[in-house]
Amino acid sequence: MRRPLAVFAFFVIFCALAVPCHAHSSAEWEKRLADSTATIWVEGQDLGGIILNARAEINVTRLDRKMADFLNQDRDVDEWVVEGLNYYYSNRKDVKARVKNNEVFVVRCRANKFFEFAPEKLVINGRALRKEDVLTNAIYWESEMNAGDEFIITVLAPATPRGQKTEASYD
């Protein structure tokens, strides 16, 4: 009789401890990422800070080399940041050559309605992306998205000039 009760108690404790475990970033990372992120509302109407009828939300986050140095001090950040920063230190020669004169940007997209994402319609710092600018393998994201679908891709774009904010637009 004690054994089933012990198993049940272990299961309840395990579930209670597992639920609060989720990805989050430290306050310093949150600030750094907010300062480096441009948000695009596709087909949205801005009514005093409230966005209505947007087809999709696209967040473009610049991951500069200084963030890679900060990662050595504070690793309390979401996995997509770590994966994006790893491209600066890739051992693959083709990736090194592509990253050399560019910066790494992470594009996070969430569809509110049916949305067809095309990377070449995304312009970062004055240059439209090309297919070869996308570092994330195509099997990990889809261009046709239904409401609620999300994806994250890593891309290369021209570096943001010192002291200026990242400019991003879609279509």
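Glu43 is exposed in the predicted model, with a relative accessible area of 55%, a value that exceeds the 50% cut-off for an exposed residue. This glutamate is located in the loop between strand E1 (37-42) and strand E2 (45-47), and its phi is positive, at about 60°, although Glu43 is not a glycine. Most residues other than glycine have a negative phi. The side chain of Glu43 takes part in a salt bridge with Arg55, in which the closest N and O atoms are 3.1 Å apart. Because Glu43 lies in the loop between E1 and E2, whereas Arg55 lies in the loop between E3 and strand E4 (56-63), the pair ties together parts that are 12 residues apart in sequence. Arg55 itself counts as partly exposed, its relative accessibility being 24%.

A positive phi is also found at Asp171, where the angle is near 60° in a residue other than glycine. Asp171 belongs to the segment after strand E11 (168-170), and this aspartate counts as exposed because its relative accessibility is 73%.

Across the whole structure, a search finds 11 salt bridges. Side chains of opposite charge can pair when their charged atoms come close. One of the salt bridges joins Glu28 to Arg32, with the closest N and O atoms 3.2 Å apart. Glu28 and Arg32 are 4 residues apart in helix H2 (residues 27-35), so they are separated by about one helical turn. Glu28 is partly exposed, with a relative accessible area of 36%, and Arg32 is likewise partly exposed, with a relative accessible area of 27%.

A further salt bridge is formed between Arg130 and Glu132, for which the closest N and O atoms are 3.2 Å apart. This pair belongs to a network of salt bridges that links Arg127, Arg130, Glu132 and Asp133. Arg130 is partly exposed, with a relative accessible area of 38%, and Glu132 also counts as partly exposed, at 48% relative accessibility, a value that remains below the 50% cut-off for an exposed residue.

Charge is also gathered on the surface in the form of a negative patch, which comprises Glu116, Glu142, Glu144, Asp149 and Glu150. Within this group, Glu150 is placed in strand E10 (residues 150-157) and counts as exposed, with a relative accessibility of 60%.

With regard to the protein as a whole, the fold contains 5 helices and 11 strands. Of the 171 residues in the protein, 39% are buried. The accessible surface comes to about 11200 Å², and carbon and sulfur atoms account for 53% of this area.

How values were computed: Residues are numbered from 1 along each chain as its sequence is written. This is a predicted model: local features need pLDDT of at least 70, side-chain atom pairs count only at pLDDT 80 or more; totals for chains, interfaces and linings use all residues. Side-chain values use heavy atoms; hydrogens and water are left out. Patches are made of residues with over 30% relative accessible area and no salt bridge: like charges are joined within 9 Å, nonpolar side chains (Val, Leu, Ile, Met, Phe, Trp, Tyr) within 5 Å. Accessible areas come from the Shrake-Rupley method with a 1.4 Å probe; for residues, only the protein chains shown count as cover. A salt bridge is a side-chain nitrogen of Lys or Arg within 4 Å of a carboxyl oxygen of Asp or Glu. Lys and Arg count as positive and Asp and Glu as negative; His and the chain ends are not counted. The place of a charge is taken as NZ of Lys, CZ of Arg, CG of Asp or CD of Glu. Helices (H or I, at least four residues) and strands (E, at least two) are DSSP runs, numbered from the N terminus. Buried means under 20% relative accessible area, exposed over 50%, partly exposed in between (1.4 Å probe, protein chains only).
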